[in-house]
Amino acid sequence: MKRKVVSVLLSAAMATTILAGCGSSASTTASAPASEAAPAASEAASTTADAASTAADDATAAAADGITRATAEAVPDSIEADTSLADKKVGVCIYQFSDNFMTLFRQKLQEDLVAMGFKEENITFADGANDQGTQTGQIDNFIADQVDVLIINPVNSSSAATITDKVVAANIPLVYINREPDEAEETRWATEGLNVCYVGCDARQSGTMQGEIIADLGIDTIDKNGNGQVDYIMIEGDPENVDAKYRTEFSVKAVQDAGLEVNELDDEVGNWDQATAQGLVANALASHPETEVVFCNNDAMGLGALQAIQAAGKTVNEDIYLVGVDALTEALEDIKAGTYTGTVFNDHLSQAYNTALAAKNFLDGTGNAQYIGCDYVKVTTDNVDDIMASVQ
Ligand code: GAL
């Protein structure tokens with residue numbers, strides 16, 4: 001039931017990612033020529049401008065880089081258990097258990113793996129504690145333990161090539177999640193025919209949606225000091241992470257693309273963390289009381305920003321605007337209460353299901369596309385009730 005609400009919300013965005021024959025099944029998504037992809041992308045552009053540029057970019061890239069891209073499968077109302085998975089061992093490495101979003105993802109992944117037929121006692125989650133050395137040790141242990149499949153949310157995406165080498169050498173299929181390895185690495189999976197894939201969303205889309213939420217307010221609403229510009233501060237996640245890089249870049253780009261002038265007052269690294277962001281935004285507002293918009297790369301930092309904004313005696317949606325990403329419950333409640341301008345739903349339900357499915361597909365010989373993409377959904381007061389109903 002809940003899932004149906006999300007399906008409706010996602011349907012428009014999904015249309016934009018039906019690329020190059022990437023239909024419902026990852027296994028049947030062998031690349032199609034770019035000429036076939038183009039009409040799908042341009043058709044989508046007419047209905048959902050939001051994600052169309054991302055879709056079009058991907059369609060072009062698919063032909064050039066050899067990476068096979070598939071659209072994530074819709075999450076079914078109920079998952080059918082496959083008894084052949086009952087004795088398979090799964091190792092899951094999470095970059096840091098204390099991360100709010102990865103906690104939601106991790107809990108759902110555990111549920112979906114079990115629903116798919118893996119036994120709870122055969123699934124082990126390891127906390128990388130935000131340290132690549134620690135995580136590498138955990139990967140070595142999983143290999144020594146002869147797990148049947150590995151799911152890895154790397155601490156450093158730049159370590160992916162090294163991780164892939166050792167996991168592939170041990171003949172273990174590998175599903176990367178949340179922190180996307182770079183294009184050269186994904187291309188290698190394709191050209192070398194490795195049993196390795198990535199499940200996640202395109203961070204450019206989330207940045208674009210953040211920027212659109214702000215641009216849609218209009219310059220007359222935003223521009224409190226009348227200088228004709230959007231005066232903003234940016235709070236970034238971990239800079240090693242492509243999500244932080246793209247959200248920072250594409251949020252501002254979307255505001256500019258809408259014809260608004262921007263003026264960056266401050267840009268700080270909050271490492272996805274609420275308390276860190278609270279301190280950074282408090283300082284930034286003290287130096288720049290003229291701030292009109294606070295962009296945060298995620299909601300945890302957005303919630304910290306909100307505390308700092310309130311402590312500075314400012315009111316969101318009256319004299320300052322605030323956007324995040326993830327759709328954490330608290331952020332949704334704040335949107336509903338009018339104290340948070342908007343967020344972007346980072347669909348952990350879809351990502352968790354498609355990760356569990358990718359693990360199964362490697363084990364039963366179905367195989368996977370190298371890139372399995374989920375879509376983000378823009379969240380404002382217009383649809384916050386629907387999103388709340390679907391995630392709770
Ligand atoms: C992002 C998410 C952040 C944080 C990060 C960790 O996708 O928006 O909140 O969880 O992943 O890599």
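The crossing of helices α8 and α10 is right-handed. This arrangement belongs to a predicted model, in which the protein chain has 15 helices and 13 strands. The chain holds 392 residues, and buried residues make up 56% of them.

**The packing of α8 and α10**

- Helix α8 covers residues 203-215 and helix α10 covers residues 242-257. The two pack at an angle of about 35°, and their axes are 7 Å apart.
- On the side of α8, the contact is made by A203, R204, S206, G207, T208, Q210, G211, E212, I214 and A215. On the side of α10, V242, D243, Y246, R247, F250, S251, A254 and V255 take part.
- What kinds of residue form the contact of α8 with α10? Eight are nonpolar, six are polar and four are charged.

**Salt bridges**

- Side chains of opposite charge can pair when their charged atoms come close. In this model the count comes to 14 salt bridges.
- E185 forms a salt bridge with R188, and their closest N and O atoms are 3.1 Å apart. Both residues lie in helix α7 (residues 183-191), three residues apart, so about one helical turn separates E185 from R188. E185 and R188 are both buried.
- D202 is joined by a salt bridge to R204, with 2.6 Å between the closest N and O atoms. Are these two residues, D202 and R204, buried or exposed? D202 is buried, and R204 is buried as well.
- K336 forms a salt bridge with D385, the closest N and O atoms being 2.7 Å apart. Because K336 lies in helix α13 (residues 329-337) and D385 in helix α15 (residues 384-391), the pair ties together parts that are 49 residues apart in sequence. D385 has a relative accessible area of 43% and is therefore partly exposed.
- D82, K360 and D364 are linked with one another in a network of salt bridges.

**Cysteines**

- How many disulfides does a search of the whole structure find? The search finds zero.
- A disulfide would require the two sulfur atoms to be within 2.5 Å.
- C374 counts as buried because its relative accessibility is 5%, and the cut-off for a buried residue is under 20%.
- C93 is also buried, with a relative accessible area of 0%.

- H348 lies in helix α14, which covers residues 348-363.
- The relative accessible area of H348 is 8%, so this residue is buried.
- Which residues are in contact with H348, leaving aside its neighbours within four places in sequence? They are F101, L104, F105, K108 and V391.

Conventions. Residues numbered from 1 in each chain as written. Predicted model: local features only at pLDDT ≥ 70, side-chain atom pairs only at ≥ 80, totals over all residues. Heavy atoms only, no water. Buried < 20%, exposed > 50% of the residue type's maximum accessible area, 1.4 Å probe, protein only. Axes fitted to C-alpha atoms, helices over the stretch in contact; angles between N-to-C directions. Helix = DSSP H or I, 4+ residues; strand = E, 2+ residues; numbered from the N terminus. Left-handed = near helix turned anticlockwise from the far one by under 90°. Contact = heavy atoms within 4.5 Å. Nonpolar A, V, L, I, M, F, W, Y, C, P; charged D, E, K, R; others polar. Salt bridge = Lys/Arg side-chain N within 4 Å of Asp/Glu carboxyl O.
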